[in-house]
Amino acid sequence: MELTLTEDQIFIRDEARRLLAAKADGDALRRIVSGGDGVDADLWKTISTELGWCAMTIPEDQGGVGLGLTELVLLMEAVGERLAPVPLWSTACLAVPLLMAVGTDAARAWLERIAEGDAAATVAIADMNSAMPLRGAGVTATRQDDGYTLHGNLPLVTDAQVAGLILVPARIGDEVAVFSLEPSTRPDVRRLDTLDRTRQFCAVALNDFPVPETARLDRNGITADALEQAETTATLGLAAEQVGLARGAMNLTLDYISERVQFGRTIASFQAVKHRCAALEVDFAELRALIFGAAAQTDPAERLLEVAGARALASDLAFRASEEAIQLHGGVGFTTEYAPHLYFKRAQASWHMLGSPEHHLDRIAAHCLPDGDAA
């Protein structure tokens, strides 16, 4: 398997970093956090409309760029490194794979709009902690004469207020159907004040909420394999964002310890500090290789396991890197004037999205060990 980046991929990575360094610096991030929206509308317009980041994995015949998961991973890593408050993960990693799994003309029309930057999108998941979030658990749909009625409580939906499209997977008997909610035909969306203010979280209540027949995007349900592939892409995108988060926290730390003087020398020169940073760098390189390997993997079953491993390691590394950032910043690491606390909060919030590390390790163990041996 070839994991060396091509010239085009290197260009995508470098340009994404350059843009976010200019547009998503510390001052811009603090402005968004203090405002409470969790979304930088101007930055989102730039990357979705002008640069076409959401179109990266959408096929060319549907208005997209037609590239692969490696390019998407590069963008998500850059976003995570700056904690850029944009709904890229919700749109490109969560909604786009689900629309591609649906595969109908109605879904393709939405993919074209997303590729053009006309709409951000998200998926209303009943249990954000689940590693299988698209299976429709928690939401049911009942057929009525002129459409359907949706029922379910969605306590934690990413970027729902800014999204021009909310996708709702729902159970109809044994099938999983996918419904679209647009701004003109959606229930009440309430923004939440959460630990992580760099990402928008909302609550959506579907209390016997009526939708027309045209709101159903699929024909006869989505296959389990198609849903699993979409979930794997969402999990891979989140892991890439987490490895970027770890990199961003490390950059903050390295910059600070190279300038902070104690006992007449910079603290970066202390052997104990060097060892702690070196250990994180080794883990960072290992995780990054695993993520790029998973993105390049062509076998869906193997990709599922590699993504599970990457997700478990990414959650741990993001937490440890942000924790070390606070520790090595000393007393100022706890203050709001410095950024480590933002990385730490994002790391904690991301830990609980799309399955815990333990769940993903259990999935790997169940595959690798004979029945009964995993315990």
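Asp 218 and Arg 216 form a salt bridge in which the closest N and O atoms are 2.9 Å apart. Both of these residues are buried. The model in which this pair is found is a predicted one, and a search of the whole structure returns 22 salt bridges.

Two further pairs involve the loop between β6 and β7. In one, the side chains of Arg 346 and Asp 196 meet in a salt bridge, with an N to O distance of 2.8 Å. This pair links distant parts of the chain: Arg 346 belongs to helix α10 (residues 340-351), whereas Asp 196 lies in the loop between β6 (189-191) and β7 (201-212), 150 residues apart. Arg 346 has a relative accessible area of 1% and is therefore buried; Asp 196, at 2%, is likewise buried.

In the other, Glu 241 forms a salt bridge with Arg 199, and the closest N and O atoms are 2.4 Å apart. Here helix α7 (residues 224-257), which contains Glu 241, is linked to Arg 199 in the loop between β6 and β7, the two residues being 42 apart in the chain. Glu 241 is buried, its relative accessible area being 3%, and Arg 199 also counts as buried, at 6%.

Salt bridges also join into a network, which links Arg 17, Glu 77, Glu 81 and Arg 288.

Helix α9 may be followed from end to end. After α9 comes Gly 330, which has a positive phi near 70 degrees.

Notes: Residues numbered from 1 in each chain as written. Predicted model: local features only at pLDDT ≥ 70, side-chain atom pairs only at ≥ 80, totals over all residues. Heavy atoms only, no water. Helix = DSSP H or I, 4+ residues; strand = E, 2+ residues; numbered from the N terminus. Salt bridge = Lys/Arg side-chain N within 4 Å of Asp/Glu carboxyl O. Buried < 20%, exposed > 50% of the residue type's maximum accessible area, 1.4 Å probe, protein only.
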